[in-house]
Amino acid sequence: MAIKIVFGLSLLAAASQLIFGYPATGVSYGDHELRAQRPIVKAEPERPKGDGEVTADAVFSGIGTFAHLPFAQCWANGTADFDIAFIGAPFDTGTSYRPGARFGPAGIRDGSRRLNLYGGYNVPMDVNPFSDWAKIVDCGDIAVTPYDNKFAIDQIQFGHQELLHRKPATATSKFPRLITLGGDHTITLPLLRSIHSAYGPISVIHFDSHLDTWKPKVFGGAKSDQAAVNHGTYFWHASQEGLIKKGSSIHAGIRTTLSGPSDYENDGNAGFDIVEARDIDTIGTAGIIERIREVVGENPVYLSIDIDVLDPAFAPATGTPETGGWSTRELRRIIRGLEGIKLVGADIVEVATPYDTNAQVTAIAAADIMFEVMSLMVKKPLDDLE
């Protein structure tokens, strides 16, 4: 009889939960009495703008801006405003091996066409950077001469600087943010000169397989004043000029050969810490993220990404490929792990499009990486930056 009563009560409890969504009051299961519970009412989540709207509509057509962002004639129109802008710096006459990065801006833009194929919502970061608070545009390329490196470097600096000192469209921060598509890595020197005009010495996160802090007499032999400025020496010059905040800057993904141990000593003098590519085998992506965040702290940060931080299996189209690099998935995870840092600007460089596969493997990887960077910027406005 007792068994029948317990069984009957169990059926009553199950029916109550099925009908009302919560257990009946005072139901006992053996020696355990389940307290009465109120039904759990799930709050309707706030849906991002664009959720449920039309996607996958002819993204292969139209003008080839980055991810189909609006095109703005930023240099010709002094009143053009934005919070984040993509610009190109098609320069590659500072490279030591394979040229072709002058075609990088166009290649990356082409590889970005399908970024908003499904609406642009970044699932891991829970943000749609295309439809959030920020006004984001593509300004096209800085006019860069291929005939005179010194003049070209000045063009890049002042082209960037002109836009950097615009008033942001909607943000309450003092300066907008620029994402530069290179170009070989020499372009980071004029970009840092521009950044210095707004922020002073800046902490740098540098993803690369190479140090790029070599002394000119070591890298290339400094055969002339202009030859001394190239894609392997630009950070040495930046350090000498006081552009880098020493002790709070870091390389990540390093795996190059060296002239010898003195290259590491020189790198330390330039102000950088190092995470080697092989460190991912022991500390994983979480350990690399922790190390980077530990070094840069709460400082304003400039992010420079050489596509050769990736293994050539994932990014073959680059000027100086090095095997043993990270995968695209690993790099994207590490970048997402930097959410919340005070990112004031960024570049991606050394995408030498002529060496890419017919499937655009490198261009697509570069575009996806900058999608993550754009998401970082949207997730962290710089309103609290002094």
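**Exercise 1. Which residues of α7 are buried?** Then describe the course of this helix in the predicted model.

Solution.
- Step 1: I280, G287, I288, I289, I292, V295 and V296 are the buried residues of α7.
- Step 2: Elements that cover these residues include β6 (203–207), β7 (249–254), β8 (272–276), β9 (300–306) and α8.
- Step 3: Helix α7 runs over residues 280–296, 17 residues in total, and its end C-alpha atoms lie only 19 Å apart. A straight helix would reach 24 Å at 1.5 Å a residue, so α7 falls short of that span.
- Step 4: The helix bends by about 70 degrees at A286.
- Step 5: After α7 comes G297, with a positive phi near 60 degrees.

**Exercise 2. Determine how strand β5 is placed, starting from the burial of its residues.**

Solution.
- Step 1: Strand β5 covers residues 177–182, and six of the six are buried, so the rest of the structure largely encloses this strand.
- Step 2: In a regular strand, side chains alternate between the two faces of the sheet.
- Step 3: In β5, R177, I179 and L181 point one way, while L178, T180 and G182 point the other way.
- Step 4: β5 pairs with strand β3 (residues 84–89) in the parallel sense, over six bridges. Here I87 stands opposite T180 of β5.
- Step 5: β5 also pairs with strand β10 (residues 342–349), again in the parallel sense, over four bridges. The bridge partner of I179 in β10 is A346.

**Exercise 3. Describe the largest nonpolar core and the surroundings of M370.**

Solution.
- Step 1: The largest nonpolar core has 53 residues. Those with the most contacts inside this core are F66, I205, F207, I305, W326, M370 and V373.
- Step 2: Helix α9 (residues 361–379) gives the most to this core, with 11 residues.
- Step 3: Leaving aside neighbours within four places in sequence, M370 is in contact with F66, F86, I179, L181, I305, A346, D347 and I348.
- Step 4: Another core, of 40 residues, lies apart from the largest one; V137, I142, L178 and V229 are among its members.

**Exercise 4. Where is L338 found, and is L338 buried or exposed?**

Solution.
- Step 1: L338 is in the loop between α8 (328–336) and β10.
- Step 2: The relative accessible area of L338 is 0%, and buried means under 20%, so L338 is buried.
- Step 3: Not counting residues up to four places away in sequence, L338 touches I205, F207, I292, R293 and L376.
- Step 4: L338 and L376 are 38 residues apart in sequence, with a C-alpha to C-alpha distance of 7.6 Å.

Conventions. Residues numbered from 1 in each chain as written. Predicted model: local features only at pLDDT ≥ 70, side-chain atom pairs only at ≥ 80, totals over all residues. Heavy atoms only, no water. Core = buried A, V, L, I, M, F, W, Y, C linked by side-chain atoms within 4.5 Å. Buried < 20%, exposed > 50% of the residue type's maximum accessible area, 1.4 Å probe, protein only. Helix = DSSP H or I, 4+ residues; strand = E, 2+ residues; numbered from the N terminus. Contact = heavy atoms within 4.5 Å. Pairing = 2+ DSSP bridges. Bend = angle between axes of the 7 residues up to and from the residue.
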